[in-house]
Amino acid sequence: MAKYGPRKQPAAMAKLKGDYRPSRYKEEPIPEGLQFIKEVPPYPLSLNEEGQYLWDSILKSAIHLDGFIAVHDLFMFEQLCYIYQLICEAQRDIKKYGMFRLTEKKEAKASSFFRSYMELVKTYIVLCREFGLSPSSRDGIKIISKTEVYDPLAGFVL
């Protein structure tokens, strides 16, 4: 049977609005043994300036969120930065050589640079979703934190 009514909002959003009720939300268990980054780690050797820029720009803001990126996630995050730098290289090649090429029959076909660029963009979008870097994926983010649950009405007295 279908469920009717509005979609349940995330607990973080309910806390911000001030209508959070603990009975409506399950507390997520904290995985044991995960270590979260507290400072920006050094760059992997595979990254050039563009990949390093993305590495810094995202991780510098992520270290302020407890439980956002674990040490185990850094390899996948390195792949995200590497794909980003490959996209930048593909964009330069498209600008230099063009997006289309002419065949022997004088038909316009997408160049190999453009086809590889499109595949890289698809991969980049998938990896962005994994880290909550797209608008739709940010709605489903659950940040693991060992801090207390914030109750906005804790000091309220009748």
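Q: What is the accessible surface of the protein, and which share of this surface belongs to carbon and sulfur atoms?
A: In this predicted model, the accessible surface comes to about 12,300 Å². Carbon and sulfur atoms hold 57% of that surface.

Q: Why is Lys105 called exposed?
A: The relative accessible area of Lys105 is 69%. The term exposed requires a value over 50%, and Lys105 therefore qualifies as exposed. This residue lies in the loop between β1 (100–102) and β2 (108–110).

Q: What makes Lys105 part of a patch on the surface?
A: Lys105 gathers with Arg101, Lys109 and Arg115 in a patch of positive charge. Lys and Arg count as positive, and like charges are joined within 9 Å.

Q: Why does Ser111 count as buried?
A: Ser111 has a relative accessibility of 6%. Buried means under 20%, so Ser111 falls in the buried class. Its place is the loop between β2 and α4 (112–130).

Q: Which residues does Ser111 touch, not counting those up to four places away in sequence?
A: Ser111 touches Gly98, Met99, Phe100 and Arg101. A contact here means heavy atoms within 4.5 Å.

Q: How many helices and strands are there in the protein, and in what order do the elements run?
A: The protein has five helices and two strands. From the N terminus on, the order is α-α-α-β-β-α-α.

Q: What part of the 158 residues is buried?
A: Buried residues account for 25% of the 158 residues in the protein.

Notes: Residues numbered from 1 in each chain as written. Predicted model: local features only at pLDDT ≥ 70, side-chain atom pairs only at ≥ 80, totals over all residues. Heavy atoms only, no water. Patch = residues over 30% accessible without salt bridge, like charges linked within 9 Å, V, L, I, M, F, W, Y side chains within 5 Å. Areas by Shrake-Rupley, 256 points an atom, 1.4 Å probe, with all protein chains shown as cover. Salt bridge = Lys/Arg side-chain N within 4 Å of Asp/Glu carboxyl O. Charge placed at Lys NZ, Arg CZ, Asp CG, Glu CD. Helix = DSSP H or I, 4+ residues; strand = E, 2+ residues; numbered from the N terminus. Buried < 20%, exposed > 50% of the residue type's maximum accessible area, 1.4 Å probe, protein only.
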